[in-house]
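Please view the sequence and the model below before turning to the notes.

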Amino acid sequence: MSRHVAERKDIGWISQGAFNSSRRSGSVVYVEQTDGTVLHNIFVEQGGTPGRVIVAAKGRQFKDVATGEETLQLSRGVSYEGTAGSGEYRTVEFDSYRLRITPATRAARKKDNLQAAATGKLLRSDIGTAATRQAELQGRISKPIMVFVLAAFALALSYTEPRRGRFFNLFVSVVFFFLYMNVTGIGKTLIRDGRIPPAVGLWWIHLLFIAVASWFLCRRHLGKPLLSISLPWGRP
C-alpha cells in the first residue's frame, strides 16, 4: 500500500443499516454492521452499462491523502456484472478487491473549477483556457457594473406617467433586467467558445445598456416621455 494511502479512523459517509449514495462515483453502498473501522456484510451497486453488484463479507475504507480518492478494500466476496433484463451475468469470486468510490481526479477537477477559483488565481494561473478565464473574469466584473446601470434604469423609470398607467414602468424595468442578464450570459458563452474576442468581451453589452439608460435619464430630465408610443388603454 502506498504511503500516501491511509486507513480511515472512522467510516466516513458510510452509515450502517442504510443505503449510502456516493454522488461522485454513482455507487450505492449498504453495510449491515460496523466494528470500528471494519465493515461487515457489504452490498455495493454500481450503475452504468453493464451494471455491477458486489457482495462482500468484510471491508475497510481507505483514503489517498494526495488525491482525496476513497476506496473500499473488500474481502471474501462475489461480483456480479451484466446488463439488467438480459439474463446474462458474469460472476467473479474474489478474496480481496479494491473498489474506488470517489474519482482520483477530484482534486484536479476542483482545480479546474473556474467558478470556485479566486480572482487573483484566475489572473496569474493557467487553469482552464485563456477564453474561459476571460469569460469568468469579465462575468465577475460585470456584476458591479450592472448594479450601477440598473440603478440608472430604476431612477429613470421611478416616475409614473399618467398616460402609461402605474404598472407600465414596472413592466419595462422587469423586461430590461431580464434582457440585461440574459444577454450578458450569452456574451459569456460566446467568449468561452472563442466566438467573441476577449478585447470586445462583454463591454459592448454594458455600453449599449449604459447608452439606453443615459437616453432615458435625459428624456426624464427634459420632462419628456421615455417611449414615444401610445397605448390603447392610455388616457387621452
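Which residues form one aromatic cluster? The members of that cluster are Phe153, Phe176, Tyr180, Phe209, Trp215 and Phe216. The model is predicted, so local features need pLDDT of at least 70 and side-chain atom pairs count only at pLDDT 80 or more, while totals for chains, interfaces and linings use all residues. Residues are numbered from 1 along each chain as its sequence is written, and side-chain values use heavy atoms, with hydrogens and water left out.

**Strands**

- Strand β5 (residues 51–64) is joined to strand β4 (residues 38–46) by eight bridges, and the two run antiparallel. Strands and helices here are DSSP runs numbered from the N terminus (strands E, at least two residues; helices H or I, at least four), and two strands pair if DSSP finds at least two bridges between them.
- Within this pairing, His40 has Lys58 in β5 as its bridge partner.
- Strand β5 is also joined to strand β6 (residues 70–82), by twelve bridges, again in an antiparallel arrangement.
- Opposite Phe62 stands Thr71 in β6.
- Lys63 belongs to strand β5 and counts as partly exposed because its relative accessibility is 31%. In this scheme, buried means under 20% relative accessible area, exposed means over 50%, and partly exposed lies in between (1.4 Å probe, protein chains only).
- Lys63 and Arg100 are 37 residues apart in sequence, and their C-alpha atoms are 9.8 Å apart in space.

**Salt bridges**

- Side chains of opposite charge can pair when their charged atoms come close.
- Three salt bridges are found in a search of the whole structure; each requires a side-chain nitrogen of Lys or Arg within 4 Å of a carboxyl oxygen of Asp or Glu.
- One of them joins the side chains of Glu81 and Arg52 (3.2 Å, N to O). Glu81 lies in strand β6 and Arg52 in strand β5, so this pair ties together parts that are 29 residues apart in sequence.
- Arg140 forms a salt bridge with Glu136, with the closest N and O atoms 3.0 Å apart. Both residues lie in helix α3, four residues apart, about one turn of the helix.
- Arg140 is partly exposed, with a relative accessible area of 22%, while Glu136 is buried, at 10%.

**Aromatic residues**

- The structure holds nine aromatic pairs. Rings of Phe, Tyr and Trp (its six-membered ring) pair if their centres lie within 6.5 Å; planes under 30 degrees apart count as stacked, over 60 as edge-to-face and the rest as tilted.
- Phe94 and Tyr97 form a tilted pair, 5.3 Å centre to centre with 40° between the planes.
- Phe94 is buried at 10% relative accessibility, and Tyr97 is partly exposed at 25%.
- The charged end of Arg98 sits over the ring of Phe62, 5.8 Å from its centre; this requires NZ of Lys or CZ of Arg within 6 Å of the ring centre and within 35 degrees of the ring normal.

**Surface**

- Phe167 lies in the loop between α3 (130–157) and α4 (168–192), and it counts as exposed because its relative accessibility is 60%.
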